[in-house]
Amino acid sequence: MALPLVQFNDDGSCAACPEALTWLRTLSDPVAVVAVAGRYRTGKSFLLNHVLLRGAQAHQSMETARGFPVGPTTQPCTKGLWLWPCSAHTGALPDGRPCHVLVIDTEGTGATNSNDTRDTRIFALALLLSSYFIYNSQGSIDEPALSN
């Protein structure tokens, strides 16, 4: 199951979640991080579940296969940054050494219960943590999307 990696408090502060930190400390190889960010309710979790995590889920039965939570409502499902803790995702660094590929899902920006400061912190943290960053958008990335 997905683990909360960074949770944001009502006062705007954030904290790393102990369970995710404990799992991360078990990794001995280097890591490569794929993070996705973008507007709320645009399919970030769905994208990760069906594209990036599909290979790991193929080795699990339907009863145990999980991913990032998704829902049919307009209310956001992801709060803060979440990590998919699967050591089966491996890759290779440019020099050939093995690495773990970590997948991070983020809370969407522009939600009705959020604010610009929180959105900026979530987006920036995902960008800074990632080796590969995916900006998920509906339609083209235009001037308003860049401004927001």
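**Entry 1: a charged pair**

I began with Arg118 and Glu107, whose side chains meet in a salt bridge at 2.9 Å from N to O; the term stands for a side-chain nitrogen of Lys or Arg within 4 Å of a carboxyl oxygen of Asp or Glu. Arg118 lies in helix H4 and Glu107 in the loop between strand S6 (98–106) and H4, so this pair ties together parts that are 11 residues apart in sequence. For these element names I rely on DSSP runs, numbered from the N terminus, with helices (H or I) of at least four residues and strands (E) of at least two.

Before going further I noted that this is a predicted model, in which local features need pLDDT of at least 70 and side-chain atom pairs count only at pLDDT 80 or more, while totals for chains, interfaces and linings use all residues. I also noted that residues are numbered from 1 along each chain as its sequence is written, and that side-chain values use heavy atoms, with hydrogens and water left out.

Are Arg118 and Glu107 buried or exposed? I found that both of them are buried, where buried means under 20% relative accessible area, exposed means over 50%, and partly exposed lies in between (1.4 Å probe, protein chains only). For Arg118 I read a relative accessible area of 17%, which is why this residue counts as buried. When I set aside the neighbours within four places in sequence, I saw Arg118 in contact with Phe8, Asn9, Gly80 and Glu107, a contact being heavy atoms within 4.5 Å.

**Entry 2: the other salt bridge**

I then searched the whole structure and found two salt bridges. Besides the pair above, Asp95 forms one with Arg97, and their closest N and O atoms are 2.9 Å apart. Here Arg97 has 44% relative accessibility and so counts as partly exposed, whereas Asp95, at 53%, counts as exposed. I keep in mind that side chains of opposite charge can pair when their charged atoms come close.

**Entry 3: the aromatic rings**

Next I looked for ring pairs, which take in the rings of Phe, Tyr and Trp (its six-membered ring) with centres within 6.5 Å; planes under 30 degrees apart count as stacked, over 60 as edge-to-face and the rest as tilted. By this rule I counted two aromatic pairs. In one of them Phe123 and Phe133 are edge-to-face, with 5.3 Å from centre to centre and 75 degrees between the planes. This pair links distant parts of the chain, since Phe123 sits in helix H4 (residues 116–129) and Phe133 in strand S7 (residues 132–136), 10 residues apart.

In the other pair, the ring centres of Phe123 and Tyr135 are 6.0 Å apart and the planes stand at 70 degrees, so this pair is edge-to-face. Phe123 belongs to H4 and Tyr135 to S7, so the pair ties together parts that are 12 residues apart in sequence. I wrote down that ring pairs link Phe123, Phe133 and Tyr135 into a cluster. As for accessibility, Phe123 is partly exposed at 26%, Phe133 is partly exposed at 26%, and Tyr135 is partly exposed at 26%.

Which strands pair with S1? I count two strands as paired if DSSP finds at least two bridges between them. Strand S1 (residues 3–8) pairs with strand S4 (residues 81–84) in the antiparallel sense over three bridges, and within this pairing the bridge partner of Pro4 is Trp82. S1 also pairs with strand S2 (residues 14–16), again antiparallel and over three bridges, and there Gln7 has Ala15 as its bridge partner. S1 and S2 form a hairpin with five residues between them, and in the turn Gly12 has a positive phi of about 95 degrees.

**Entry 4: the whole chain and its confidence**

I listed five helices and seven strands in the chain, running from the N terminus as β-β-α-β-α-α-β-β-β-α-β-α. Of the 148 residues, 36% count as buried.

Last, I checked pLDDT, the predictor's confidence in each residue, from 0 to 100. The chain has a mean pLDDT of 78, and 78% of its residues reach 70 or more. Among the elements, helix H1 (residues 18–25) has the highest mean pLDDT (94) and helix H3 (residues 54–57) the lowest (54). Over residues 56–65 pLDDT stays under 50, and for this stretch the model has eight contacts beyond four places in sequence.
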